[in-house]
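Here's a quick briefing to read with the model open in your viewer. Take a look at the fold first, then work through the notes by topic.

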Amino acid sequence: MQRKLLFLLCLALIAAGGYFLFGKRSGEPSGEQGQAMVKVVVPPLDGTTKLGERAYNENCASCHGANAAGQQDIAPPLVHKIYEPSHHADGSFFLAVKQGVRAHHWQFGNMPPVEGLTRRDVELIVAYVRLVQRANGIQ
């Protein structure tokens, strides 16, 4: 009896782990393709972050959605705990733009490099994204 219970417990843990690794992530609402994945509060912007918002809208929003809220079945939200600075430092954004990103946290596929952005453009985008993250509790 104890062996059977242990077997069932192990099976349940394996299933839960598989769901966590390959299934729906917490905070990901189900919805139609292109629908925002998270609700985002946008704080007041200053000159630098307004420029960052403009650069983000021109280069990132078509995939990552308005205000970095992600788009269901298209690209993840950048306003998400996964992208907090302690896990994805600012340098991650620079590398993502330059080299693209192999899918590893989400199941949206690989992100291609983003052509035509200067280092300053990326700095502005990062400043905007970090401000929005902080306004939504992501430190």
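Trp-106 is buried, because its relative accessibility of 8% falls under the 20% cut-off. Keep in mind that this is a predicted model. The notes below start with the aromatic rings and then move on to the fold, the core, the pocket and a couple of loop residues.

**Aromatic rings**

- How many aromatic pairs does a search of the whole structure find? The search turns up two.
- Tyr-56 and Tyr-128 make up a tilted pair, with 5.6 Å from centre to centre and 45 degrees between the planes.
- That pair ties together distant parts of the chain: Tyr-56 belongs to helix H2 (residues 47-59) and Tyr-128 to helix H5 (residues 119-135), 72 residues apart.
- Both Tyr-56 and Tyr-128 are buried.
- Trp-106 pairs with Phe-108, again as a tilted pair. Here the centres are 6.0 Å apart and the planes are at 45 degrees.
- Is Phe-108 buried or partly exposed? Phe-108 counts as partly exposed, because its relative accessible area of 24% lies between the 20% and 50% cut-offs.
- There's also a charge over a ring: the charged end of Arg-119 sits over Phe-94, 4.4 Å from the ring centre.

**Overall fold**

- The protein has five helices and zero strands, so if you read from the N terminus, the elements go α-α-α-α-α.
- Of the 139 residues in the protein, 35% are buried.

**Nonpolar core**

- As background, nonpolar side chains in soluble globular proteins tend to be buried together.
- The largest nonpolar core holds 27 residues. Tyr-56, Leu-78, Ile-125 and Val-129 have the most contacts inside it.
- H2, H4 and H5 each put at least two residues into this core.
- Which helix gives the most to this core? That's H5, with seven residues.

**Largest pocket**

- The largest pocket has a volume of about 740 Å³.
- Its lining counts 34 residues, and the closest to the pocket centre are His-64, Leu-78, Ala-96, Val-101 and Met-111.
- H2, helix H3 (61-64), H4 and H5 each supply at least two residues of the lining.
- H4 has the largest share of the lining, at six residues.
- Sorted by class, the lining has 22 nonpolar, eleven polar and one charged residues.

**Two loop residues**

- Leu-45 is in the loop between helix H1 (2-22) and H2. Leu-45 is buried, because its relative accessible area of 18% is under 20%.
- Leu-45 and Val-132 are 87 residues apart along the chain, with 9.3 Å between their C-alpha atoms.
- Glu-115 is found in the loop between helix H4 (90-99) and H5. Glu-115 is exposed, because its relative accessible area of 68% is over 50%.
- Glu-115 and Val-97 are 18 residues apart in sequence, and 7.6 Å separates them in space, C-alpha to C-alpha.

Technical notes:
Residues numbered from 1 in each chain as written. Predicted model: local features only at pLDDT ≥ 70, side-chain atom pairs only at ≥ 80, totals over all residues. Heavy atoms only, no water. Phe/Tyr/Trp six-rings, centres within 6.5 Å; stacked < 30°, edge-to-face > 60°. Helix = DSSP H or I, 4+ residues; strand = E, 2+ residues; numbered from the N terminus. Buried < 20%, exposed > 50% of the residue type's maximum accessible area, 1.4 Å probe, protein only. Lys NZ or Arg CZ within 6 Å of the ring centre and 35° of its normal. 1 Å grid on protein atoms, 1.4 Å probe; cavity = no way out; pocket = protein on both sides within 12 Å on 5 of 7 lines; lining within 4 Å. Points joined across faces, edges and corners; volume = space filled by probe spheres on them. Nonpolar A, V, L, I, M, F, W, Y, C, P; charged D, E, K, R; others polar. Core = buried A, V, L, I, M, F, W, Y, C linked by side-chain atoms within 4.5 Å.
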